[in-house]
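Thank you all for coming; I would like to walk slowly through one structure this morning. Please have a look at the picture first, and then we will go through the details together.

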Amino acid sequence: MSKVTLQSINHATFSKSAIANAIIFLKTGKRTDNTPHFALQWKDYLDVKGGKLFLDGKRVIAKEDRDTYMRKLLLDKESTIPFGRTSGFHAISQKVVGISSRVWNRFLQKQRPVREIEQRAPQTK
């Protein structure tokens, strides 16, 4: 059983089908051909709550759901996630697994500025 580290987590691929197969593996305890490697490797660190997979207490996000999750997390009115590259990634990495700093940085680069600079009104004479 290998220890869960940030580097080993970032090397794992969390797709929707892999997460679904990992949940089935955890509920039944039976290994199949579809059981993902990360489920076998980190079996003691995985948990299922409300139909969602958690690794070491952090929710696992599928690669297909990354953009939607990050957009919701960043642009929600009640969000506490900072807009900075490093500070935002640190806040996200405390909550979820499956979003690397590279994915977070690319997502931020694709976003428009939250508030674009407005031009000054012309002064009247």
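Predicted model: local features only at pLDDT ≥ 70, side-chain atom pairs only at ≥ 80, totals over all residues.

Leucine 46 has leucine 55, in β2, as its bridge partner. The strands β1 and β2 are antiparallel and pair over four bridges, where pairing requires that DSSP finds at least two bridges between two strands, and helices (H or I, at least four residues) and strands (E, at least two) are DSSP runs numbered from the N terminus. Two residues lie between the strands of this hairpin, in which glycine 50 takes a positive phi near 60°.

Residues are numbered from 1 along each chain as its sequence is written, and side-chain values use heavy atoms, with hydrogens and water left out.

Now to helix α2, where Ala18, Ile19, Ala22, Ile23 and Phe25 are buried, meaning under 20% relative accessible area with a 1.4 Å probe, protein chains only. Seen down the axis of α2, these buried residues fall within an arc of 160°, so they line one face of the helix; the arc is that of the directions from the helix axis to the C-beta atoms. Just after α2, glycine 29 takes a positive phi of about 80°.

Which residues is isoleucine 19 in contact with, leaving aside its neighbours within four places in sequence? They are Phe14, Leu53, Val60, Ile61 and Ala62, with contact meaning heavy atoms within 4.5 Å.

Key:
Buried < 20%, exposed > 50% of the residue type's maximum accessible area, 1.4 Å probe, protein only.
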